[in-house]
Amino acid sequence: TEGQGEPGIFLCNHSATTGPLMVELYLPYAHHPWGAHQMNGTIGERFDYLYHVFFMQKKHMKKVPAFLLASVVCVVSKAFYRGMGLISTYPDMRLTRTLEKSIASLEKNVSVVIYPEDSSEGYKKKIETFFGGFVVLSQLYYARHGVDLPIYSMYFSLEDRKMVISRPEYLQPMLAAGMTKEQICDHFRDKTNALYDTVICP
């Protein structure tokens, strides 16, 4: 699928299961999201990830309801994630696959949606840490094409039934100003949190 207009990188809070679903339904741009590689894997891989990591570790559910939900979702989720064009992410050197597939999408004018928050201890309204994969992606695209991709901050709140998208920012001026990768991550984390503080829940 090819998009129209200028592609970009969208950084969004995850908001458990609802964030990606709402982004998929309402983001008015052609896009492919990043997501755990297990969700593009076998039914067993999807079940293990959903049961042990998503429902129990991140959502802090008890074993029985987590088991029941994982058993259902691992079956119905395959077609959903395939339809989303989910780009698999990895916690190791295989991240290069993620970057290459993301570049291929961007080259077709399809934006990339990334959920960069550290959700290992659960999903929080105020995000504490952003991982830097989006910085690497932006730098790689610039190195290959000389294009500084627009980066949008997003925040979705189920309780308030609002999705907010910021004006775009650009990585190259930040790097020229001497900002480190960690400082850039903190900047976009703070901007994403500010969308909740000032727009969704002022």
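Visitor: Which backbone nitrogen lies 3.3 Å from a polar atom of the side chain of Asp148?
Guide: This is a predicted model, where local features need pLDDT of at least 70, side-chain atom pairs count only at pLDDT 80 or more, and totals for chains, interfaces and linings use all residues. Residues are numbered from 1 along each chain as its sequence is written, and side-chain values use heavy atoms, with hydrogens and water left out. The Asp148 side chain reaches the backbone nitrogen of Gln172 at 3.1 Å. At 3.3 Å, the backbone nitrogen is that of Leu171.

Visitor: Where does Asp148 lie?
Guide: Asp148 is in contact (heavy atoms within 4.5 Å) with residues including Tyr142, Tyr170 and Pro173. Helices (H or I, at least four residues) and strands (E, at least two) are DSSP runs, numbered from the N terminus. Asp148 sits in the loop between helix 5 (133-145) and strand 5 (150-157).

Visitor: Which side chain of opposite charge is nearest to Asp148?
Guide: Asp148 is buried (under 20% relative accessible area; exposed is over 50%, partly exposed in between; 1.4 Å probe, protein chains only). Asp148 has no salt bridge, meaning a side-chain nitrogen of Lys or Arg within 4 Å of a carboxyl oxygen of Asp or Glu. Lys and Arg count as positive, Asp and Glu as negative; His and the chain ends are not counted. At 13 Å, the nearest opposite charge is Lys191.

Visitor: Which residue meets Lys191 in a salt bridge?
Guide: Lys191 is partly exposed at 23% relative accessibility. Lys191 lies in helix 7 (residues 181-200), and the partner is in strand 7 (residues 169-170), 22 residues apart. The N to O distance is 3.0 Å, and the partner is Glu169.

Visitor: How far apart in sequence are the parts that Glu100 and Arg144 tie together?
Guide: Glu100 forms a salt bridge with Arg144, with the closest N and O atoms 2.5 Å apart. Glu100 lies in helix 4 (residues 95-107) and Arg144 in helix 5, so the pair ties together parts separated by 44 residues.

Visitor: Which residue in strand 6 is the bridge partner of Phe156?
Guide: Strands pair if DSSP finds at least two bridges between them. Strand 5 and strand 6 (residues 162-165) run antiparallel, joined by four bridges. The partner of Phe156 is Met163.

Visitor: How many disulfides does the count give?
Guide: A disulfide is a pair of cysteine sulfur atoms within 2.5 Å. The sulfur of Cys12 is too far for a bond, because the closest cysteine sulfur, in Cys185, is 16 Å away. The count is zero.

Definitions and conventions: A polar contact is a pair of N or O atoms within 3.5 Å; within protein, one must be able to donate a hydrogen and the other to accept it, and residues adjacent in sequence count only if both atoms are side-chain atoms. Lists of a residue's contacts leave out its neighbours within four places in sequence.
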